[in-house]
Amino acid sequence: MLLQIKDLHAGINGKEILRGVNLEVNAGEVHAIMGPNGTGKSTLASVIAGRELFDVTQGDVIFKGHSILEMPVEQRAREGIFLGFQYPVEIPGVSITNFMRTALNEIRKYRGLEPLSGAAFLARMEEKKKLVEIQTKLTNRSVNEGFSGGEKKKNEIFQMAMLEPTLSILDETDSGLDIDALRIVANGVNALRSEDNSIVVITHYQRLLEYIVPDIVHVLYEGRIVKTGGKELALELEEKGYEWIKKEMEGR
Amino acid sequence: MTNAPLNDVSQFISWFDENLKTIGRNDMPRWRELRKQAIKALETTGLPKPTDERWRNTDIAKQLSIPYEQHYEDFQIGLDVEKIFACEVPDLDTFLITMVNGWYAYRNSALRILPSGTIIGSLSRALRDAPELVEAHLGRYAKIEDNPFAALNTAFASDGIFIFVPDNTVVSKPIQMVNVVDHPENLFMQTRNLVIVGRNSHLELVHCDDSHNHTAGFTNSLTEVYIGENAGVDYYKMQNVNDHSTVLHSAWFNLERDARLNSFAISLNGGLIRNESFVTLNGTGADANICGLFLMDKKQQTDNLVFVDHAAPNCTSSELFKGILDDYARGVFNGHILVRPGAQQTVAYQSNRNILLTDKARVNTQPFLEIYADDVKCSHGATVGQLDSEAMFYLRSRGIGEENARMLLMYAFAAEVVGKIKIEILRDRIDDLVKKRLRGELSICDQCVLHCSKPDQPVVFEIDMSKI
């Protein structure tokens, strides 16, 4: 098992947001986590990635057999966890080239590998750019600065492709995308699917899941996973709306 | 020569009386008169005190209390300038003029006249050989009444650099002025520079302060720059001196109609650095961009004072000053914009942004807008903060360690100022120096812009983990 989340409780400033999440992800699987706004989807993504803003009060997150809760965010990334941001941060003055080269070489160093040569790095950039149909020269552009919504999300998937993570958590990668950009982003993600890698797609809408077809769908509601099923669960949700979940939960 | 602390005005006055013959040996009547006025002004104001508005946040008492050697005539017999610059990498193609310990290095050489008619040389020589030019501009822009160090400079300085660019002339390559401090004793140096740029002309000027040893040098230099109608000046002030050094520099720019100024003050290292920029927009359509970057650590201090005087309508000015302060370092920014009555259609922006890396580092930022016209656009903004935590998380989430993530963000913060530098080779080198500085690898032997990376080997930002 690649990722195992056990009874995870987490919150911010004393306010509990996750109230006992249990989740298991095996290598090669694609999971979708759906749910209404404000139920803790992004918090779950942040906690797995290691955002210090949130306090974990109970439970554990086990990645490749080891608890990662004590690991700083960069170490989790080096272990193979990638977070695709809902709102990628603009960093004026840091070029994408320097950013990716520094990141890749730190990850390689952690794994005992030699840094990539300049030529090999640039070749890799070119190859991965094609995956998400980025035509522009990235070399001189600052990270996300002045990017459109679509470009930012493409850039997230580009980074994922560059860093080759084992577990990718894509937080609302579909938000703010038009249908063409959505297709490009989804194609990029699909090209990165493999037997060894797992992807957790967090989304509010079923739309993205037409392109990235999940193996398993979970519904997160009020800080807990309340329903798990196959890809048909996403369709059912789309049809009945989240009200259905709310009613069902209140009915209990 | 005298050797004493500098904290007593009456001492200065008696030094002046005793040494006037030497100090003023090349004087024209105008300078002689100015010196007397300056001494009078100094008697009235005294030396700066913490109660003076413009010195509220910078206490200079400690620097003034150390004994310094002060020379009233050139004292470096037999010093070989070529040797000091033996390891120069001459890839920044400039007309290089060197000052050593505050004195023009080739004191006996004649003024250099380029084919275009541009004159480069020492001010003391220009007093003799081009007196009408000096007479027309010397002391016309610097105000000595309420500026003790400008008064001190006017009273005591007798050498510096003189540049004259005639009308309709674009100087083909930058002129680089370097003052190198290399003396076994603590020195008090006062240099006076005069730059005259005729109408429709253009000049790039690189002005460096450097020290070659670890004595406590004190530089009080003053530069007057006249920019004629529709002329442009790009002025780069670079400061990379040792932690015991004090550098006070005031630059007085006068812009005529449609004149343009791009001014940079890049302070990489120094004990106490104070840059004063006085910009008078004297003709309609004049435009000034005034930028600064200071990277300070330990107990270093940088103080930037910018005074922009919108004296004519339809002028624009824009200020961008950024600072990164580590350890116990201190930064001060005083930005004063004056819009005079009748200076309608003025557009003036001012921005000062600072990053404090520790809770002991401090910045005082003081914007002051004084507006007497009603049809103007003025704005100012100041921020003091830490590195952006969202950006930190983003970088770290890609596997970049905390230290390197900080480094990337600091570098990016500084890059906004560096990116505005127009001379490409200079920009690449300052970029390189900033990176070195942030990695803690910059030494004062990295001679300003002289010994940096070669332009045909662009610096790739790769962090050397072993240094962290």
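Two residues are in contact if their C-beta atoms, placed from the backbone, lie within 7 Å. With that in mind, helix H1 (residues 41-49) of chain A lies across S1, S2 and strand S4 (55-63) of chain A. The model is predicted.

**Sheet in chain A**
- Four strands form an open sheet in chain A, in the order S2-S1-S4-S5, with antiparallel pairing.
- Strand S2 (15-25) and strand S5 (66-67) of chain A are the edge strands, and each pairs on one side only.
- Strand S1 (residues 3-12) of chain A pairs with S2(A) over eight bridges, in the antiparallel sense.
- Arg19(A) in S2(A) is the bridge partner of His9(A).
- H1(A) runs at about 70° to S2(A).

**Helix pair in chain A**
- Helix H4 (residues 118-131) and helix H5 (residues 149-163) of chain A pack at an angle of about 135°, and their axes are 9 Å apart.
- H4(A) and H5(A) are therefore oblique to each other.
- Their crossing is right-handed.
- H4(A) makes the contact with Arg124(A), Lys128(A), Lys129(A) and Leu131(A), while H5(A) uses Phe158(A), Ala161(A) and Met162(A).
- By class, this contact of H4(A) with H5(A) has four nonpolar, no polar and three charged residues.

**Chain B against chain A**
- In chain B, 20 residues are in contact with 20 residues of chain A.
- Helix H8 (389-396) and helix H9 (402-418) of chain B each supply at least two residues of the side that touches chain A.
- H9(B) gives the most to that side, with eight residues.
- The side of chain B that touches chain A has eleven nonpolar, four polar and five charged residues.

Conventions:
Residues numbered from 1 in each chain as written. Chains lettered and ligands numbered in written order. Predicted model: local features only at pLDDT ≥ 70, side-chain atom pairs only at ≥ 80, totals over all residues. Axes fitted to C-alpha atoms, helices over the stretch in contact; angles between N-to-C directions. Parallel < 35°, antiparallel > 145°, perpendicular 65-115°, else oblique. Left-handed = near helix turned anticlockwise from the far one by under 90°. Nonpolar A, V, L, I, M, F, W, Y, C, P; charged D, E, K, R; others polar. Pairing = 2+ DSSP bridges.
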